[in-house]
Amino acid sequence: MGNSREAILVDAGISCRETEKRMTRLGLQMSKVKALFISHEHSDHIRGVAVLARKFRLPVYITPETLRHGQLDISPSQVHTFTAGIPIQVGDLRVHAFPKLHDAIDPYSFMVTFKDVRVGVFTDLGAPCEHLVHHFKQCHAAFLEANYDEEMLDKGRYPYFLKNRIRGGKGHLSNRQALDLFLTHRPEYMSHLFLSHLSKDNNNPELVQALFNEHAGTTRIVVASRYEETAVYHIQLPSAAPLARPGVTVLELFS
């Protein structure tokens, strides 16, 4: 996500080559990307990090424990850490990190701000903790995990221990949990909700879209595909004049 001059990537779970292909199809250039922010060490979030960082000489913002457990081959000169509650400035973008509930060594979510427009990146969540609620209430747009349908998970082929890991409070957020968070805590000015990180085995995009559309109100619901990039959206303040268009451009490359 970014503005007209700079952008950041949150996680890189697909290859560098696939990232470039998807950005090209959207008319975007990697030269605009100024930094990578890494939420945690699971492979579906870091698979493309090392090559992207090396090829485009990008700084990688990552905690020491995530770096160690992820075993990423990144030049020390490109490694930067971050701390909860202390914003990182990337050009005119400000990135806030805060801890989340997930079964990783040191997991974080992020809020990106540009000229008072706030976009949250909230996936891989075991439960809606107080940090998540606090930040969700401030978002003009948000990427929110809707990982699984409870009935599909319960009746599905996953072994019992894996089902318990997913729904056990430090795994993933169900459709119902995501909807409850949205209905209870969305601000009236939230223009877009990007439902993300859907399970390929325990969820259905049409089911999720229908569930949230019923309660969407003025918020546009976008279900991100696991297999292709979403469109580019421009998020702006509700009171902004169309020609001024201060805002944040967002897209999902990695689901």
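Helix H8 passes helix H9 in a right-handed crossing, a term used where the near helix is turned clockwise from the far one by less than a right angle. The structure is a predicted model, in which local features need pLDDT of at least 70, side-chain atom pairs count only at pLDDT 80 or more, and totals for chains, interfaces and linings use all residues. Residues are numbered from 1 along each chain as its sequence is written, and side-chain values use heavy atoms, with hydrogens and water left out.

H8 comprises residues 175–185 and H9 residues 205–213; the two pack at an angle of about 25°, with their axes 11 Å apart. Helices (H or I, at least four residues) and strands (E, at least two) are DSSP runs numbered from the N terminus. Axes are lines fitted to C-alpha atoms, for helices over the stretch in contact, and angles run from 0 to 180 degrees between N-to-C directions. H8 and H9 are therefore roughly parallel to each other (under 35 degrees). On the H8 side, Asn175, Ala178, Leu179 and Phe182 meet Leu207, Val208, Leu211 and Phe212 of H9, contact meaning heavy atoms within 4.5 Å. These residues divide into 7 nonpolar, 1 polar and no charged. Ala, Val, Leu, Ile, Met, Phe, Trp, Tyr, Cys and Pro count as nonpolar, Asp, Glu, Lys and Arg as charged, and the others, Gly among them, as polar.

An open sheet is formed by 4 strands in the order E1-E2-E3-E4, with parallel pairing; strands pair if DSSP finds at least two bridges between them. Strands E1 (7–10) and E4 (79–80) stand at the edges with a single partner strand each, so one side of each lacks a neighbour in the sheet. E2 (residues 33–37) and E3 (residues 60–61) pair in the parallel sense over 2 bridges, and Leu36 stands opposite Val60 in E3. Helix H3 (residues 49–56) packs on the sheet, where it touches E1, E2 and E3, and its direction makes about 150° with that of E2.

The axes of H1 and H3 come within 8 Å and cross at roughly 70°, which makes H1 roughly perpendicular to H3 (65 to 115 degrees). Cys16, Thr19 and Glu20 of H1 make the contact with Val51, Leu52, Lys55 and Phe56 of H3; the residues involved divide into 4 nonpolar, 1 polar and 2 charged. Just after H3, Arg57 takes a positive phi of about 50°.

Technical notes. Angles under 35 degrees count as roughly parallel, over 145 as roughly antiparallel, 65 to 115 as roughly perpendicular and the rest as oblique.
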